[in-house]
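This report describes the fold of one protein, working from its secondary structure to selected residues. Please read it alongside the sequence and the three-dimensional view.

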Amino acid sequence: MSQVTLTASLGGALTNFGKLSRRMRQQAEGEYIYRQFVDIKEGPGARGGDVLTFKKSLRTDTRGTRLSETGTIPTNHIKYVTGTATVSEFGQKWEYTGKLEKLSQFDLTDDFQRKAYSDIKDTHDNAVYTVMKTGMLKAVCSAAATTVWTTNGTATATATVSPTSTNLKDIVDQMLTAQIPTYKDRGNYIGIFGIKAMRSIFNDIQTMDAYTTPHDQFNTEVGEFYKVRVNRDNTYASNTIGNGAALGEGFIFGDEAILEVLAMEAKVVHAWEPKEL
């Protein structure tokens, strides 16, 4: 089969004098991981830039005390605070001409629609990943059995080893001590790790009695260890952050980690604008 490729400053063209098939091949896409773990708050009618509020009820800061027979029962208060979420709008469009549609031997409407829905998933998932990176509690693996913490959102230590099972346990212990609520099911936390970070942890825990597989798995979930349901991320999490060969990043979180304000369901709109060829 002969083939001619044309290039120009404004683009290019590829033409075949024979076809291998009538099927359009699609470029492989990464997995979508993060949005399945968000909590949804309805915000109908909200527009980009609007600030929506939600209420949070805090724990009682002083527990009840032992009373004497004639003692006065102490009075306490339930405290409420207000959280905010700012609405952001996302969108994108693709253009093609009627000439392209008429001369094409493929169903371009179907292909463009497929790309649009794929972009919606990718955009939403990346938005959740971006917010997760702003978390205040950071853990750096400074040694195989040492985890260094910062609580201001900026990691100051340098990673000298890839994550190990000990580092993962350190993180879970810290979260339990801080009384961070576990995720919705069975008292587990959720972990999402890039490929290199996950491989390092797996190398350390890969024994039959240390690793179990849940019956009802999340999308991208690969198993459970030390009450963390481990998920892989082959799309967003960095495989280059770190130092030397100690590379990779990941997240461990509990319930209500990310709030999504849904002002309007995402949709694909087809618009036809006649243009002269």
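Helices (H or I, at least four residues) and strands (E, at least two) are DSSP runs, numbered from the N terminus. The model is a predicted one, in which local features need pLDDT of at least 70 and side-chain atom pairs count only at pLDDT 80 or more, while totals for chains, interfaces and linings use all residues. Residues are numbered from 1 along each chain as its sequence is written, and side-chain values use heavy atoms, with hydrogens and water left out.

**Overall composition**

The protein contains four helices and 14 strands. Of its 277 residues, 27% are buried; buried means under 20% relative accessible area, exposed over 50%, and partly exposed in between (1.4 Å probe, protein chains only). Contact means heavy atoms within 4.5 Å. Among contacts in the protein with a separation of 6 or more, 64% are between residues 24 or more positions apart.

Strands of a sheet pair through backbone hydrogen bonds, either parallel or antiparallel. Two strands count as paired if DSSP finds at least two bridges between them. Four strands here form an open sheet of mixed pairing, in the order 9-10-8-13. Strand 9 (221–225) and strand 13 (250–253) stand at the edges with a single partner strand each, so one side of each has no neighbour in the sheet. On average, neighbouring strands of this sheet are turned by 20 degrees against each other, direction ignored. Axes are lines fitted to C-alpha atoms, for helices over the stretch in contact, and angles run from 0 to 180 degrees between N-to-C directions.

Strand 8 (residues 189–194) and strand 10 (residues 228–233) run parallel and are joined by six bridges. Gly194 has Asp233 of strand 10 as its bridge partner. Helix 4 (residues 195–205) packs on the sheet, where it touches strand 8, strand 9 and strand 10, and its direction makes about 115 degrees with that of strand 8.

Within helix 4, the residues Ala197, Met198, Ser200, Ile201 and Ile205 are buried. These buried residues fall within an arc of 160 degrees when seen down the axis of helix 4, so they line one face of the helix. The arc is that of the directions from the helix axis to the C-beta atoms. The buried residues of helix 4 pack against helix 3, strand 8, strand 9, strand 10 and strand 12 (246–247).

**Helix 3**

The 13 residues of helix 3 (residues 165–177) should span 18 Å at 1.5 Å a residue, and the end C-alpha atoms are 18 Å apart, which agrees. The expected span is 1.5 Å times one less than the number of residues. Ser165, Asn167, Leu168, Ile171, Val172 and Met175 are the buried residues of helix 3. They cover an arc of only 165 degrees around the axis, which puts them on the same side of helix 3. Just after helix 3, Gln179 adopts a positive phi of about 60 degrees.

Strand 6 (residues 138–143) pairs with strand 7 (residues 146–150) in the antiparallel sense over five bridges. The two strands are joined by a hairpin through two residues. Lys138 has Thr150 of strand 7 as its bridge partner.

Thr160 lies in the loop between strand 7 and helix 3. Apart from neighbours within four places in sequence, Thr160 contacts Cys141, Ser142, Ala143 and Ala246. The C-alpha atoms of Thr160 and Val140, 20 residues apart in sequence, are 8.9 Å apart in space.

**Selected residues**

| Residue | Relative accessible area | Class |
|---|---|---|
| His124 | 18% | buried |
| Ile40 | 46% | partly exposed |
| Thr160 | 47% | partly exposed |
| Tyr226 | 36% | partly exposed |
| Lys227 | 40% | partly exposed |

His124 belongs to helix 2 (residues 108–132). Not counting residues up to four places away in sequence, His124 touches Arg35 and Ala266.

Ile40 lies in strand 3 (residues 39–42). Leaving aside neighbours within four places in sequence, Ile40 is in contact with Leu259, Glu260 and Leu262. Ile40 and Leu259 are 219 residues apart along the chain, yet their C-alpha atoms are separated by 6.0 Å.

Tyr226 is found in the loop between strand 9 and strand 10, and Lys227 is likewise found in that loop. Tyr226 has a positive phi of about 50 degrees although it is not a glycine. Lys227, also not a glycine, has a positive phi of about 60 degrees.
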